[in-house]
Amino acid sequence: METGGGEPSSGFPFSIVSDWTQSVSRRYQHLLDKSTPHVLYRWIGLGAVAAIYVLRVAYIQGFYIISYGLGIYILNLLIAFLSPQVDPEIQEIVDGPSLPTRSTDEFRPFVRRLPEFKFWYSITKAFCIAFIMTFFSAFDVPVFWPILLFYWLVLFFMTMKRQILHMVKYKYVPFSFGKQRYTGKKVASNDEMSS
């Protein structure tokens, strides 16, 4: 059986669903693109989402294993956010030293392995997924949460110590605040040249 457009009717509902999902996907991507320059508001929104998740877990007093998994995932993202795109240790073995070690060396800007927007987006998605998981009792595995918290803190401090030592060894800072900013030379206007 064919519809008026000459297409079989068996594909008709699937094309509507496909068109609808593509439209929703485009709108969602448009909203993400519009939110990109609003860094502060994005992080405030993430703080609100995280607070809602924490309140939910505290209120129902469960789902600590989900929170532990979320914490490990966020720690993994943080390491990628603080790491350079090209690891100086590996590049030093292959190409020789590449980061400037003297003031006469060429300046190379710090390029993250995980850009800020993807870092924010991944954490936001993780909190939303973890929040949804708290509505299913299958994910509420009984555990003694102080042990999980202690183990996560040990992992966090050991990992951060290693990352900070790596930053000191290869002399890079993954943050832009506090760094000296250079401005280009001023171009003299016609009025200044005629004087």
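User: Which exposed residues does the face of α2 turned away from its buried side carry?

Analyst: That face carries L40, Y41, L55 and Y59. Exposed means over 50% relative accessible area, buried under 20% and partly exposed in between (1.4 Å probe, protein chains only). Helices (H or I, at least four residues) are DSSP runs numbered from the N terminus. This is a predicted model, in which local features need pLDDT of at least 70, side-chain atom pairs count only at pLDDT 80 or more, and totals for chains, interfaces and linings use all residues. Residues are numbered from 1 along each chain as its sequence is written, and side-chain values use heavy atoms, with hydrogens and water left out.

User: And which residues of α2 are buried?

Analyst: The buried residues are R42, L46, A50, Y53, R56 and V57. Seen down the axis of α2, they fall within an arc of 120 degrees, so they line one face of the helix; the arc is that of the directions from the helix axis to the C-beta atoms.

User: What covers them?

Analyst: The cover includes α1 (12–35), α3 (64–82) and α5.

User: What follows α2?

Analyst: Q61 follows α2, and its phi is positive, near 50 degrees.

User: Changing topic, where does F136 lie?

Analyst: F136 lies in the loop between α5 (116–133) and α6 (145–170). F136 is partly exposed, with a relative accessible area of 47%.

User: How many helices and strands does the chain have?

Analyst: The secondary structure comes to seven helices and zero strands; strands (E) need at least two residues. Of the 195 residues of the chain, 24% count as buried.

Conventions: Contact = heavy atoms within 4.5 Å.
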